[in-house]
Amino acid sequence: MKNYNRTIPVEPLFFETVFTAGAVRNFFCTYWHYSIYISIFYILAIKILQRYMKDRPPYNFNRAFTIWNGILAVYSICSSIRLIPILFEQFKHFTFYEILCNKSIVDNTSPLLFWATLFAFSKVWELGDTIMIILHKRKLMFLHCYHHPTMLIMSWYASYKRSTYLMMIVYTNLYVHSLMYTYFTVKCMSIKISSTIAMFITATQVTQMWFALLLTCWMYWLLLNEQPCDTSFEILKFVFVVALSYLYLFTQLFYKSYICRSKVYEKKDKTQ
């Protein structure tokens, strides 16, 4: 794989030079397995808190929950807005294959490296969603408990394995989260929102999983045909299994939340 020493002409902001490629690589090489420990602690905390709240009334942390979701919404929106011109410049200077397969493009672009690293760390912050849900005694889905820890492990493991193609999935994930956490923030403020918006967000999540699966399959095909690429078969297999499970769970959520519910409403209308 050719090493691209030229940088994408996007001027970094003063804080976007905090991380260096070497420091990020050393951190995740040394500590990526901590994501597994954090995930185990997360699952144990869920069980303990659920037992603790079983016979207790729900706490009123609505303001805290609003702020929590608001922070994630602002982060996701800012990340998406900042990364749009970088993605545009990437397509101006490199082919799609080069963007997906050459890690030096990320290493030599300070803003891209900064937001990619921040994305991996943000997966720890997102675990707090579950704590808020349990303390509010709201319905906690398996999808929620499964999605957060697996995303944390996958993002840290991919950073350790230097899987460049996952940057494209980072773009889509940030876009979806900018919609999702904005929706949650507004909902926490007791503002009425059309169910169509929630349906659109869930449909976007399903589309994101299809994109991740198809992209992973294409990367696998490239490696099978001995095309040079900075991604291993190991990480591709891991991402494929996780993305496939996400696709099933989000599709199931969409079906139960909107298709089944619409059928119930249709039956009620006919009986009235």
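Predicted model: local features only at pLDDT ≥ 70, side-chain atom pairs only at ≥ 80, totals over all residues.
# Briefing on helix packing, cysteines and selected residues

Arg162 lies in the loop between H8 and helix H9, the latter spanning residues 166-188. This residue has a positive phi of about 60° although it is not a glycine, and with a relative accessible area of 18% Arg162 is buried.

**Helix H2 against helix H8**

- Helix H2, which covers residues 34-53, and helix H8, which covers residues 142-161, have axes that come within 8 Å and cross at roughly 170°.
- Since angles over 145 degrees count as roughly antiparallel, H2 and H8 are therefore roughly antiparallel to each other.
- The crossing in which H2 passes H8 is right-handed.
- On the H2 side the contact is made by Tyr34, Ser35, Ile36, Ile38, Ser39, Tyr42 and Ile46, while H8 contributes His144, Cys145, His148, Pro149, Leu152, Ile153 and Trp156.
- Sorted by class, this contact of H2 with H8 holds 10 nonpolar and 4 polar residues, and no charged residues.

**Helix H1 against helix H6**

- Helix H1, made of residues 21-31, packs with helix H6, made of residues 110-125, at an angle of about 20°, and their axes are 11 Å apart.
- That angle makes H1 roughly parallel to H6, given that angles under 35 degrees count as roughly parallel.
- H1 and H6 cross in a left-handed sense.
- The residues of H1 that take part are Ala21, Val24, Phe27 and Phe28, and they meet Leu113, Thr117, Ala120 and Phe121 in H6.
- By class, the contact of H1 with H6 is made up of 7 nonpolar residues and 1 polar residue, with no charged residues.

**The disulfide**

- The count of disulfides in the model comes to 1, and this link joins Cys101 to Cys229, with an S to S distance of 2.1 Å.
- The link of Cys101 and Cys229 is left-handed, with -85° about the S-S bond.
- Distant parts of the chain are linked by this pair, which is 128 residues apart: Cys101 is in helix H4 (residues 96-101), and Cys229 is in the loop between helix H10 (195-224) and helix H11 (233-271).
- Both Cys101 and Cys229 are buried.

- Cys78 is in no disulfide, and the nearest cysteine sulfur, which belongs to Cys188, is 19 Å away.
- With a relative accessible area of 40%, Cys78 is partly exposed.
- For Cys217, the closest cysteine sulfur is in Cys229 at 14 Å, which is too far for a bond, because a disulfide requires a pair of cysteine sulfur atoms within 2.5 Å.
- Cys217 counts as partly exposed, at 39% relative accessibility.

**Buried polar residues and their contacts**

- Thr150 is found in helix H8, where at 15% relative accessibility Thr150 counts as buried.
- When neighbours within four places in sequence are left aside, Thr150 is in contact with Val242 and Tyr246.
- Gln205 has its place in helix H10 and, with a relative accessible area of 8%, is buried.
- Not counting residues up to four places away in sequence, Gln205 touches Val176, Met180 and Phe250.

- Lys47 lies in helix H2 and is exposed, with a relative accessible area of 54%.
- The C-alpha atoms of Lys47 and Ile134 are separated by 9.9 Å, although these residues are 87 residues apart along the chain.
- Lys137 is placed in the loop between helix H7 (128-135) and H8, and at 38% relative accessibility Lys137 counts as partly exposed.
- The phi of Lys137 is near 60°, which is a positive value in a residue other than glycine.

Terms used:
Residues numbered from 1 in each chain as written. Heavy atoms only, no water. Axes fitted to C-alpha atoms, helices over the stretch in contact; angles between N-to-C directions. Helix = DSSP H or I, 4+ residues; strand = E, 2+ residues; numbered from the N terminus. Parallel < 35°, antiparallel > 145°, perpendicular 65-115°, else oblique. Left-handed = near helix turned anticlockwise from the far one by under 90°. Contact = heavy atoms within 4.5 Å. Nonpolar A, V, L, I, M, F, W, Y, C, P; charged D, E, K, R; others polar. Buried < 20%, exposed > 50% of the residue type's maximum accessible area, 1.4 Å probe, protein only.
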